Amino acid sequence: MSNFIVDQYTFVQFIILFVTALLIGMSKTGIQGITLFMIPLMAFSFGAKASTGVILPMLCFADLSPLPGGMHRFSGY
């Protein structure tokens, strides 16, 4: 039984995914305009439709990940 994720992508694409995740985190901290580098990088690496399918969950997770800390901070505990 092979691992679907590892077999489907190359090492360079994994590096681009890592860099993209880093750039998404940097854009969420307030560095504006850094996503201008992320979108073409993913589009050249994965293609238009596939890069949208990869970036969207990354952006959703980046938006939802600080919620538990913020809920605990402002809930009065």
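Mentor: The chain holds five helices and zero strands, where helices (H or I, at least four residues) and strands (E, at least two) are DSSP runs numbered from the N terminus. This is a predicted model, in which local features need pLDDT of at least 70 and side-chain atom pairs count only at pLDDT 80 or more, while totals for chains, interfaces and linings use all residues. Residues are numbered from 1 along each chain as its sequence is written, and side-chain values use heavy atoms, with hydrogens and water left out.

Helix 2 (residues 11-28) packs against helix 3 (residues 35-46) at an angle of about 160 degrees, and their axes are 10 Å apart. Axes here are lines fitted to C-alpha atoms, for helices over the stretch in contact, and angles run from 0 to 180 degrees between N-to-C directions. Helix 2 is therefore roughly antiparallel to helix 3, a term for angles over 145 degrees. The crossing of helix 2 with helix 3 is left-handed: the near helix is turned anticlockwise from the far one by less than a right angle.

On the helix 2 side, the contact (heavy atoms within 4.5 Å) is made by Q13, I16, L17, V19, T20, L23, I24 and S27. Helix 3 contributes T35, F37, M38, L41, M42, S45 and F46. By class, this contact has 10 nonpolar, five polar and no charged residues. Ala, Val, Leu, Ile, Met, Phe, Trp, Tyr, Cys and Pro count as nonpolar, Asp, Glu, Lys and Arg as charged, and the others, Gly among them, as polar.

T20 lies in helix 2 and is buried, with a relative accessible area of 0%; buried means under 20% with a 1.4 Å probe, protein chains only. Leaving aside neighbours within four places in sequence, T20 is in contact with M38, L41, M42 and M58.

The largest nonpolar core has six residues, I16, L17, M42, F46, V54 and I55. Such a core is a set of buried Ala, Val, Leu, Ile, Met, Phe, Trp, Tyr and Cys residues joined through side-chain atoms within 4.5 Å. Helix 2, helix 3 and helix 4 (48-64) each supply at least two residues of this core. Beyond neighbours within four places in sequence, I55 is in contact with I39 and M42. Apart from this core lies another, of five residues, among them L23, I24, I34 and A62.

Over the whole chain of 77 residues, 19% count as buried.

How values were computed: Parallel < 35°, antiparallel > 145°, perpendicular 65-115°, else oblique. Buried < 20%, exposed > 50% of the residue type's maximum accessible area, 1.4 Å probe, protein only.
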